[in-house]
Amino acid sequence: NGGTLKVVDGQLQMRSVSGARSGVRSKQTFSGDHFVINAVLARVGAGLPEPGQPSAPLGNAIVTVLFDSSGRNRVEWMLTSEGMFEAWAVVDGRAERLDNRNLATKATTPTLSIARRGDEYLFALNGQVGLQKTVKSLPKSFRVMLYGYGSSENNWDSIQVLVTKKE
């Protein structure tokens, strides 16, 4: 809803508008209860200043695993423009923050990863797991989405989806 999406020098650059989400979702649907998603973030900037506000809002870049088209079932790994992480699970429309509010990084081009092993979800930065949580009742079929919220710009270098082969 609003915002701009463009590819410049092989990099996906996204900017939302204030109060809206903007991003891209995979066309392909993947399936598996064991997968790894690696998304290389080039930049997450602060939001544009709002009229009448004393400072610019936080920017964020979010990699999301969507288990339905409505977003009522998903897991998200977010990095803010201040370098703080948030991990969320949304099951049947009920959101739960999974992290302990103290995960952060100073990495300039981090790789954000979400892995699934059955009902276990691992949230990683540059290959190092920072958080592991159990989230039950999510389907095997999914799509991947990269997005931002508000007027911040987030730029992505690449995304990779690895799913174990069905036997």
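Modeller: Buried means under 20% relative accessible area (1.4 Å probe, protein chains only). In this predicted model, local features need pLDDT of at least 70 and side-chain atom pairs 80 or more, while totals for chains, interfaces and linings use all residues. Numbering starts from 1 along each chain as its sequence is written, and side-chain values use heavy atoms, without hydrogens or water.

Colleague: OK, what makes β8 mostly covered?

Modeller: Six of the seven residues in β8 are buried. It's called a strand because it is a DSSP run of E, at least two residues long, and β8 spans 85-91.

Colleague: How do you know that β7 and β8 pair?

Modeller: Strands pair if DSSP finds at least two bridges between them. β7 and β8 have six, so they count as a pair, and they run antiparallel. One of the contacts is Val75, whose bridge partner in β8 is Ala89. The two strands form a hairpin with four residues between them, and Gly83 in the turn has a positive phi of about 85 degrees.

Colleague: And what makes β8 and β9 a pair?

Modeller: Four bridges, in the antiparallel sense, join β8 to β9 (residues 94-97), so that pair passes the cut-off too. Trp88 has Arg97 in β9 as its bridge partner. This hairpin has two residues between the strands, and Asp92 takes a positive phi near 55 degrees.

Colleague: Why is the largest pocket called a pocket?

Modeller: Because on a 1 Å grid over the protein atoms alone, a pocket is an open set of points where a 1.4 Å probe fits, with protein on both sides within 12 Å along at least five of seven lines. The largest pocket holds about 260 Å³ of space, the volume being what probe spheres set on the points fill. Of its 15 lining residues (an atom within 4 Å of a point), the closest to the centre are Arg21, Leu66, Ser70, Met145 and Tyr147. β3 gives the largest share, four residues.

Colleague: How does the lining of the largest pocket divide?

Modeller: Three nonpolar, seven polar and five charged. Asp, Glu, Lys and Arg count as charged, Ala, Val, Leu, Ile, Met, Phe, Trp, Tyr, Cys and Pro as nonpolar, and the others as polar.

Colleague: Which residues are closest to the centre of the second largest pocket?

Modeller: That pocket has about 190 Å³ of space, and Arg21, Ile62, Met78, Glu86 and Trp88 are the closest of its 15 lining residues. β7 gives the most to this lining, four residues, and β8 supplies at least two. The lining splits into eight nonpolar, three polar and four charged.

How values were computed: Buried means under 20% relative accessible area, exposed over 50%, partly exposed in between (1.4 Å probe, protein chains only).
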